[in-house]
Structures are given as structure tokens and as C-alpha cells.
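Me: I would like to learn how to read charge pairs in a model. Can you take me through them step by step?

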Amino acid sequence: MTATFLPLTIDAARRADAPEVLRNALLTDRAAGECWTVLLAGCDFATKRGLDAQLRKLSEATAEHVGTRWWFADGTMHRKRVARAQENLVAAIAEGDGQEFALAFVGYDNAMAGAVVCAGIGKHRRPVEGSTA
């Protein structure tokens, strides 16, 4: 079994039929594995910066998948949660702390998967009679 840093996000993207989110989640997961190796080895390589850029790409793909309207309205709580988790992760990468990195990735994975799942739930809801939604 291969270790993964984004099991929830990868699963949510597959279930939501979100190919760009899935593609970016897999690329981010690979970059995270490389960064993890660099952190454990105590090295300072461009791998760390590469993960930071890939995290942004995954967030952008997720925002596109869930839709701007949802992301900035009903999904605001999720968008802010993803942003905080990403900030924590970037800080852990910068500090080179493996334990913080692992914990931050758990939070990031949970936040990203939650956004994908919750946006999908909203897409399948029927408007309440008399509402403008």
C-alpha cells in the first residue's frame, strides 16, 4: 500500500466526478511525498516550493469545481477553512518540521474533502418551494 497525504480529497474527487480536482490532488499527493522525504532528510530543496505551488493549483481546481457562486456564498466557511489549513501547511513546510507537516496535511485534506463533498450536496438539493434559490 502506498502512503498518501490526501486520501479524503482523492476519494471525494473520485466520488464527485471532479477530474481536475482528482488530477491536482494526485499531483499534490506526489509532491507531498517528495517534500516529506526532503523534510525527513533535513534537506532544503526546491521540492518545498514546488509543493506550495501545487497546493495553490489544487485549491484553484477545487474552487473551479465547486463554482464561484458556492465558494463565495454558501461555501465561504469551507473556503476560509481551506485557506487556514493551507497557511498552516505552508508554515510547517517553511519551518521544516515533519510533525507539524503531517498534522497540517491532515487538516488540509479534511478541509479540501469537506469542500468538495459539501458543494456536491448543495448541487443536488432541490430548492425549497417559494425560495429564490
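Me: How many salt bridges does the count come to here?

Reply: Start with the general idea. Side chains of opposite charge can pair when their charged atoms come close. This is a predicted model. The cut-off is a side-chain nitrogen of Lys or Arg within 4 Å of a carboxyl oxygen of Asp or Glu. By this rule, there are three salt bridges.

Me: Which residue pairs with Arg15?

Reply: Asp11 does, with the closest N and O atoms 2.8 Å apart. Both residues belong to helix α1 (residues 7–15), and they are four residues apart, about one turn of the helix. Arg15 is exposed at 70% relative accessible area. Asp11 is partly exposed at 35%.

Me: Which side chain does Arg23 meet in a salt bridge?

Reply: That of Glu20, at 3.1 Å from N to O. Arg23 and Glu20 are three residues apart in helix α2, so about one helical turn separates them. Arg23 has a relative accessible area of 41%, partly exposed. Glu20 is partly exposed too, with 44%.

Me: And what is the partner of Asp52?

Reply: Arg56, with 3.2 Å between the closest N and O atoms. Both sit in helix α3 (residues 47–66), four residues apart, so the separation is about one helical turn. Asp52 is partly exposed at 23%, and Arg56 is partly exposed at 39%.

Me: Back to α2. Which of its residues are buried?

Reply: Among them are Val21, Leu22, Ala25, Cys35 and Leu39. Asn24, Thr28 and Asp29 are also buried. Helix α2 covers residues 19–41 and reaches 33 Å from its first C-alpha to its last. Gly42 follows α2, with a positive phi near 75°.

Terms used. Residues numbered from 1 in each chain as written. Predicted model: local features only at pLDDT ≥ 70, side-chain atom pairs only at ≥ 80, totals over all residues. Heavy atoms only, no water. Helix = DSSP H or I, 4+ residues; strand = E, 2+ residues; numbered from the N terminus. Expected span 1.5 Å × (residues − 1). Buried < 20%, exposed > 50% of the residue type's maximum accessible area, 1.4 Å probe, protein only.
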